[in-house]
Structures are given as structure tokens and as C-alpha cells.
Amino acid sequence: MLAITHFVFFPDMDVYAPQAWQPHERPTLPGSPSTPHHPTAKRIAFLLVGFIVAITGGLGNALVSVNLPYLQGSLGVYSAEIQWLPAAYVMANVSMNLLLVKFRQQYGLRLFTELFLVLYAVATVAHLFVHGLGSAIAVRAAHGMSGAALTTLGLYYTLQAFPAEHRLKGAVLGIGFSQLAVPMARLFSSELMEIAEWRGLYFFELGLALVSLACVLFLKLPPGDRIKAFEKMDFVTFGLFAPGVALLSAVLALGRTVWWLESRWLGYSLVGAIVLITAALAVEHNRARPLLNTRWLTNANIARLALSVLLIRVVQSEASGTVGFLQALGLNNDQMLTLWWIVMFGALAGMVVSALTITPARIPGQLIISLALMALGAYLDSDATNLTRPADLYVSQFLLGFGGALFVGPTFISGFGAVIAAPNNLISFSVMFSITQTLGSLLGTALTGTFQVWREKYHSSILVEHLTQLDPQVAARIQSGGLASLGGVATREANILAYNDVFLAITVLALLTMAWLLARYLWTLCVVCQPKAAHNAQTGMANVSLNNSGSR
């Protein structure tokens, strides 16, 4: 505690000098806070602030993402243009993770967060007075940058609420809070729109940013070790990596809307993304102290972790398919509120169960169970009809929410264990986790949306082939409502069949991913057990020899 007191009251001291920590206070890594003992009331305060900060990091973007059709109308833009809003958030969020780790190692995480929370608030205020697509994109980019810091900050605040023996539980909760953003946004975003149309969303977002800023200023994290981290080549890598990720995000966000093979700029953007990201990785591969450790990222265990998270993110895109299906039936968000409450309860339950049962040995089992639950939920949705209503989806969506929240914490912990063993790979892990989570979400939505459009065209062609006026039912429909009515019914049925195909494809993907993880887990057990069996056999033979020699 003497070192902390000296740090606080003598700010002119060398902030990069090593500090003398008590064993229980020592920060896990440079740039992370120390972990002194706190009274119970202060631990509760840290938990509340952790929740507020983590939710602020994702809820603003979720409010926009679930209301894109309404924002499109209020901003007066085309459907392709409105897709730039989620793309801008992902562009800024993924890129900023490249610099965030070193920034907090050299200057402290709180300073970074305060700077970008102020930027986020200022951009939101400006958007309230400058009503246009450009200002909306700027707000989303500012939110993406601050969100990169808020996710980590929320985790650190939550960890302060738990003693050392329960810190794994705190990590699961700190990471899991962000999973509540989307169902929470669906619960009350309609009411915000009713208050002041699109401005209601931005007033709420501004309030979140200001509340988080007040919490961070009022309840400060304990100090940690700081080191001189930045190098000149870091900014060369950032200058290549950031525009590459931006181009890739634009392709994934807008490809389904403008269609992949019909817009030439998509191809140019994809080529540019490949060239820029490859150049950034080439620079990092040949550095002595890289931002991105390409050799570590291509390690078999880390590559498998990244692929599994990416696949699970695609599976989680079933939720957006459910929304699209219900909207195709003509339902609006107000008619789905009970469904979103159930999804929220499922996510909370999954997060709590994961936190209560988490141990390093149980991580593979939790991942396999989460995939099994999500596969079951998607399969239950795959036989929907035009008579399906939100009440018919309660069980399936609870399973999907539960399974989705169950996998996030164990995934993060399984990768972070490798980082603690090699702290220099913290930036590599942060970028990898951000890409698989944030960019993976865009990828999942793009894949499922594209598959749905393709299957809708297929089913439409089949249905139209069987529509003939020789059929009494077809003739009666034309006579009562006209060709337009018949075409609308055919389109609706084709969409329903296409969404069923999407749900079934997600079921298959979840099962294949589960089978892969299970096979890998069983193989690992066999590899571990074989040396033990050989050792036991050798020990047994030695004992037999000793016994025989003793009897002689």
C-alpha cells in the first residue's frame, strides 16, 4: 500500500518505474489495474459500474442495429446507405483494439476511456443538431472507438468486485454483460422512438455516455504498472491494418444489400482489404517486437480457437434470421416484446450458469453444451409456417439465448490463459477476439442473409411454376384479390421456406462445430491418457519384478 500512496501523492515520480506490490495486489499484466482488497460496499459499486460501462460499450450500437429500417426512413436514405452505420462501428472498433492495449500500458486505460467517452458524447450531441447520414456515421465510428475501451474497462471493473478465488466468475460476467445489449435494445427501443423519433435513440445514447463518464470519474480503478510501449512501426502497421479492416467491414455489411456480384466497388474493396491486411501482417511478421504476433496467431491451438469462435458467431446469427422471419409475417417489434424478455432471461441464465460452473477443466464441456443447445433451438425453428407466432418460438429462442451467453466467457478464458503465459501476445489476442466477435457477427449476418435470399429465389421459382389458373384455388384467389395479392402470398411463402432452410443450415453448422470440438476434446484426452497408461504399466512391471526378486 506504501507504493500506491507514493504513486498518488507524488505524481512527478517516474510513472514507468516498477512498483512494489503486495502479492495479492500485483497486476496481471502491464496496463491492467492492481487488485487490492475492497470492502463489500465498494465491491458492489465496482460491479454496478462494470455493468454500466460494459452495457454502454454495446447498447448504443445495438439500438441502431435493431432499428435500421426506421432510421432509414427518418434519415431519408436508401437501404444500402443505412448499412454504413453498423459498418462504421465495426471499422473503428476492430482497428482501435490494435492500439488500445499499448495505450493503456503507456498512459493508462482510464485516460483513453475518458478521452473517447468525451468524443462519443460530443459526436452524439452534434448529431442531434446536424441531421444527416454523415453525422450518423461519425457517431457510430466514435462509438466504435470508445466501445473498444469500454468492453475492457467493464471487465476490469467487474473483476474488482470479486476476490482472487472467484475471479474467473468475474471474468465470465464482465465479458457476458455485452451479450445483453441486443435483447435489451429490442425491449425499449420502440418507446425511445416514440419520444422523439430518431432523436430518442441518440438522447438515450448520450445519457449512457455521460453516466459512464461520471461513473469512471467517480469510482476510479486502482493504479497498475505502466511501461513505455509504443514504437514508430506500430503506426505503420495501424496505417495498413485499419483501412484494410474498414474495406472488409464495408464489403461484409453492404454485400448482401447491393449484391455481391453486381457492384464493382465491392470487388475493388475486397482486393484492397486483402492487400492492406496482408501488408500489415508482413510488416509484423518481420518485427522483433510486433503488435500482431503472426507466429502465435497461426499456432494450432489459437487458430482452432479463432475458427471455433467465428463458427459460433455464425450460428448466433440465427437471432437476426428469427427477426427477419417474424417481420416477413407482418409482425412489428411491439408484438415480440415477450419473446425478447425470454431471450433476455435466457442470456442472463446462460451467463450466470457459466459463471457458477466455470473451471479450466469444464471449458470444453461448456462450449460443447452451448453448441448443442443452439443447434436444438435452431432445429425447433426450422419447421415454421405462416401460422407461427412469437409464442411458438419461446423455447427455441430461450435455448439460443442461453447457449449464446454460455459460450462467451469460457471462450475468452481459454484464450486468455495463453496470454498470461506469454504477455507480449496480449495485443494479438485482443485483435483476434475482437475480429472473431465483432467482424464475425457481420460475417454471420452476411452469410445467413445471402443464403436466405438465394433460397427465397429458388422457392419462388418452384411456387410460381405450380401456379396455374386451371387450379380452382388459384383462380379463386385471383378473382378475389387479383394477381398482386397472389404474388404477395407466393413471396411470403417463399420467404418462410427460405428462413426454414436458414434455420436448418444453422442447425447443421452447429452440430458440425460441436462434433469437431468434441472430437478434438476426446483426442486430447487420449493423448494425455496414453503417457499415464504407459507410466502405470511400467510402474506395474517394476513392482512385479521387485516382488519376484523379493520372493526369490
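Analyst: In this predicted model, the protein chain has 20 helices and zero strands. Buried residues account for 51% of its 552 residues. Of the contacts between residues at least 6 apart in sequence, 81% join residues at least 24 apart.

Two packed helices are described by the angle between their axes and the distance between the axes. The axes of H5 (residues 84-106) and H11 (residues 232-258) come within 8 Å and cross at roughly 155 degrees. An angle over 145 degrees counts as roughly antiparallel, and H5 and H11 are therefore roughly antiparallel to each other. The crossing of H5 with H11 is right-handed. On the H5 side the contact is made by Trp 84, Ala 87, Val 90, Met 91, Val 94, Ser 95, Leu 98, Leu 99 and Lys 102. On the H11 side the contributing residues include Asp 234, Phe 238, Phe 241, Val 245 and Leu 254. By class, this contact of H5 with H11 holds 15 nonpolar, three polar and two charged residues.

H11 also packs against H12 (residues 264-285), with axes that come within 8 Å and cross at roughly 150 degrees. That makes H11 roughly antiparallel to H12. Here H11 passes H12 in a left-handed crossing. The contact of H11 with H12 is made up of 20 nonpolar residues, five polar ones and one charged.

The loop between H11 and H12 contains Trp 259. Its phi is near 70 degrees, a positive value in a residue other than glycine. Most residues other than glycine have a negative phi. With a relative accessible area of 24%, Trp 259 is partly exposed.

The H7 and H10 crossing is left-handed. H7 brings Ala 136, Val 139, Arg 140, His 143, Leu 153 and Tyr 157 to the contact, and H10 brings Tyr 202, Glu 205, Cys 215 and Val 216. Seven of the residues in the contact of H7 with H10 are nonpolar, one is polar and two are charged.

Next, the nonpolar cores. The largest one has 103 residues, and within it Leu 85, Tyr 157 and Phe 325 touch the most other members. A second, separate core of 22 residues includes Ala 253, Leu 254, Leu 426 and Leu 439. Ala 253 and Leu 254 also belong to the H11 side of the contact with H5.

Leu 85, leaving out residues up to four places away in sequence, touches Val 64, Leu 68, Leu 71, Leu 133, Ala 136, Ile 137 and Arg 140. Ala 136 and Arg 140 also take part in the contact of H7 with H10.

Asn 61 is found in H2 (residues 40-65). Asn 61 has a relative accessible area of 14%, so Asn 61 is buried. Setting aside neighbours within four places in sequence, Asn 61 is in contact with Pro 86, Tyr 89, Arg 140 and His 143. Phe 46 is also found in H2. Phe 46 counts as buried because its relative accessibility is 0%. Beyond its neighbours within four places in sequence, Phe 46 is in contact with His 38, Tyr 157, Thr 158, Gln 160, Ala 161, Leu 219, Lys 220, Leu 221 and Pro 222. Phe 46 and Lys 220 are 174 residues apart in sequence, yet their C-alpha atoms are 9.2 Å apart in space.

Finally, two further helices. H8 (residues 167-176) is mostly covered, with seven of its ten residues buried. The buried residues of H8 are Gly 170, Ala 171, Val 172, Leu 173, Gly 174, Ile 175 and Gly 176. In H15 (residues 318-328) the buried residues are Glu 318, Gly 321, Thr 322, Val 323, Gly 324, Phe 325 and Leu 326. Phe 325 was named above among the residues of the largest nonpolar core that touch the most other members. H15 is followed by Gly 330, whose phi is positive, near 90 degrees.

Terms used
Residues are numbered from 1 along each chain as its sequence is written. This is a predicted model: local features need pLDDT of at least 70, side-chain atom pairs count only at pLDDT 80 or more; totals for chains, interfaces and linings use all residues. Side-chain values use heavy atoms; hydrogens and water are left out. Axes are lines fitted to C-alpha atoms, for helices over the stretch in contact, and angles run from 0 to 180 degrees between N-to-C directions. Helices (H or I, at least four residues) and strands (E, at least two) are DSSP runs, numbered from the N terminus. Angles under 35 degrees count as roughly parallel, over 145 as roughly antiparallel, 65 to 115 as roughly perpendicular and the rest as oblique. A crossing is left-handed if the near helix is turned anticlockwise from the far one by less than a right angle, and right-handed if clockwise. Contact means heavy atoms within 4.5 Å. Ala, Val, Leu, Ile, Met, Phe, Trp, Tyr, Cys and Pro count as nonpolar, Asp, Glu, Lys and Arg as charged, and the others, Gly among them, as polar. Buried means under 20% relative accessible area, exposed over 50%, partly exposed in between (1.4 Å probe, protein chains only). A nonpolar core is a set of buried Ala, Val, Leu, Ile, Met, Phe, Trp, Tyr and Cys residues joined through side-chain atoms within 4.5 Å.
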